Amino acid sequence: MNDIMNTKLLTKSITFMQALALVVGMIIGSGIFLKPGIVLNNAGTPWMSILAWGVGGIITLASALSVAEIAAAIPKSGGLYTYLSELYGGVFGYLLGWVQAVISYPASVAALAIAFATYSGYFLPLNHWQQKLLAVGILAFILLMNVIATRFGGIIQTVATVGKLIPVAGIVGVGLFSDLAPGFGGISPAAGGAGFGAAVLGTLWAYDGWISVTNMAGEIKNPAKTLPKVISIGVIFVIGVYVLFNIAVFKALPYDQIISSQTPGADAAEALFGSGGGAFITAGIIVSVLGALNGYLMTAARVPQAMGEKRQIPFSRVLSSIHPKFQTPANALIFQSVLAVIYIFSGTFNTLTDLLVFVLWIFFTMGVFGVFILRKKMPPQKGRYRVPLYPFTPILGVAGGVYILASTIMSDPLRSLVGIGITLAGLPIYYVMIRKNRV
Ligand code: ARG
């Protein structure tokens, strides 16, 4: 997938601070602004909800610290795809690429487009279908920009990265020091919540994205040292921000409003800043979501494009072709967008993000477990980063992953089956393509 980057001559140009910004920028997107309500509803009480954000963060951190050891030992581009291929065998890397191309990236893009439309509802009230149409419309716009020039995508990305820190800092800063505390008072545990496991699952969408930095290992200065540092600092920073953000929301809004609101982030901003400030912060949130949408569509297209170049998927030639005039992977971009439109019409934000988290965590959990394989295959060397508290940290990461997978299978067997089914559908394709290409 991202070994497309290996085919070009890479320059080691990404510095420590840029890599750190990449980690934080890829994680913070839509989740923190949209998930507080559903997490609270599933967790039952505000304190349990904050605990769920903490537990989701710790599972993420344990996994990230472990994968960082692999990243330090195998400092090549391609990220998890490369690690799974080298530690478990090529077919596992292939399945990850397949799942990313057909579920994870297009479903992410779909969820982010829905998030954009949901937050736009703050300015112009929309019904269900109008919201879906707006989601498709914004996706079409971002697609067009990325087809015309990668440069436009890059500009959107930079503006959005700055834009997203404004609402976060605003709500956290003012929220923590306000003395209102409506959400914390008068708690009646919600009936109908799906429980603590589902609450943690909800937070994992918001925490996902840190691994993207490992795709770029080949372009980072001194990756074996830099990656473990930026991953741990970045994830710890985001955990702090998310926990504080939730405390601020609970202080700003009454319990029932957080649960029933489609846009808890915007409502908290309005309660804290009045309607003018609310509009300003909401605009910042929309920019943040737009940036994530753009970033994920851009990255998404690179997966089928690279797999097509290696003739690993059906319609390889079409999918990997570069637009003659614009020099962009236009067909791969269109392919990802068509899948995303199907997802936009078939699911809501929360069902899409849960499906995606489930499927991705199958591979994350394998990645975390990979530390044990790594230590056998490539015993630790002096001076190379090692995961702290081995074997406790990777065990915690694997246990967290198994817990997430098991609780999803139990609470939503159908969705899990769909996810596992699509994943395994990659297997026959892999063998057919291998036969065809004699690779
Ligand atoms: N953390 C991001 C957000 O809150 C979403 C990450 C999506 N992850 C992915 N692998 N596509 O918006």
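P46 is a residue of helix α5, where helices (H or I, at least four residues) and strands (E, at least two) are DSSP runs numbered from the N terminus. With a relative accessibility of 0%, P46 counts as buried, a class that means under 20% relative accessible area, with exposed over 50% and partly exposed in between (1.4 Å probe, protein chains only). In sequence P46 is 282 residues from T328, and their C-alpha atoms are 47 Å apart in space.

The model is a predicted one, in which local features need pLDDT of at least 70 and side-chain atom pairs count only at pLDDT 80 or more, while totals for chains, interfaces and linings use all residues. Residues are numbered from 1 along each chain as its sequence is written, and side-chain values use heavy atoms, with hydrogens and water left out.

## The chain as a whole

The chain contains 19 helices and zero strands. Its radius of gyration is 21 Å, which agrees with the value near 22 Å that a compact globule of 439 residues would have; the radius is taken over C-alpha atoms, and the globule rule is 2.2 Å times the number of residues to the power 0.38. The C-alpha trace spans about 65 × 50 × 45 Å along its principal axes.

Of the 439 residues, 58% count as buried. Among contacts with a separation of 6 or more, 83% are accounted for by residues 24 or more positions apart, contact meaning heavy atoms within 4.5 Å.

## Helix α4 against helix α5

Two packed helices are described by the angle between their axes and the distance between the axes. Helix α4 (residues 36-43) packs with α5 at an angle of about 115°, the axes being 8 Å apart; axes are lines fitted to C-alpha atoms, for helices over the stretch in contact, and angles run from 0 to 180 degrees between N-to-C directions. The two helices are therefore roughly perpendicular to each other, given that angles under 35 degrees count as roughly parallel, over 145 as roughly antiparallel, 65 to 115 as roughly perpendicular and the rest as oblique.

The crossing of α4 and α5 is right-handed; a crossing has this hand if the near helix is turned clockwise from the far one by less than a right angle, and is left-handed if anticlockwise. On the α4 side P36, V39, L40 and A43 take part, and they meet P46, M48, S49, A52 and W53 in α5. By class, this contact has eight nonpolar, one polar and no charged residues, where Ala, Val, Leu, Ile, Met, Phe, Trp, Tyr, Cys and Pro count as nonpolar, Asp, Glu, Lys and Arg as charged, and the others, Gly among them, as polar.

W53, which also lies in α5, counts as buried at 0% relative accessibility. Not counting residues up to four places away in sequence, W53 touches G31, I32, K35, P36, V39, T203, A206, Y207, Y242, V243 and N246.

## Helix α5 against helix α17

The axes of α5 (residues 46-73) and α17 (residues 349-377) come within 9 Å and cross at roughly 50°. That angle makes α5 oblique to α17, and the crossing is left-handed. From α5 the contact draws on I59, S63, S66, V67, E69, I70 and A73, and from α17 on W361, G367, V368, G370, V371, L374 and R375. These residues divide into eight nonpolar, four polar and two charged.

D354 is found in α17 and, at 16% relative accessibility, counts as buried. Leaving aside its neighbours within four places in sequence, D354 is in contact with K35, L201, G202 and R415.

In helix α6 (residues 80-88), the buried residues are L80, Y81, T82, Y83, L84 and L87, and they pack against α5, α7 (90-120), α11 (212-215) and α17. Just after α6, G89 takes a positive phi of about 125°.

Helix α7 packs with helix α16 (residues 330-346) at an angle of about 60°, with the axes 8 Å apart, which makes α7 oblique to α16. The crossing is right-handed. Residues of α7 in this contact include V102, I103, Y105, P106 and V109, while those of α16 are F335, Q336, L339, A340, Y343 and I344. The contact divides into 15 nonpolar, two polar and no charged residues.
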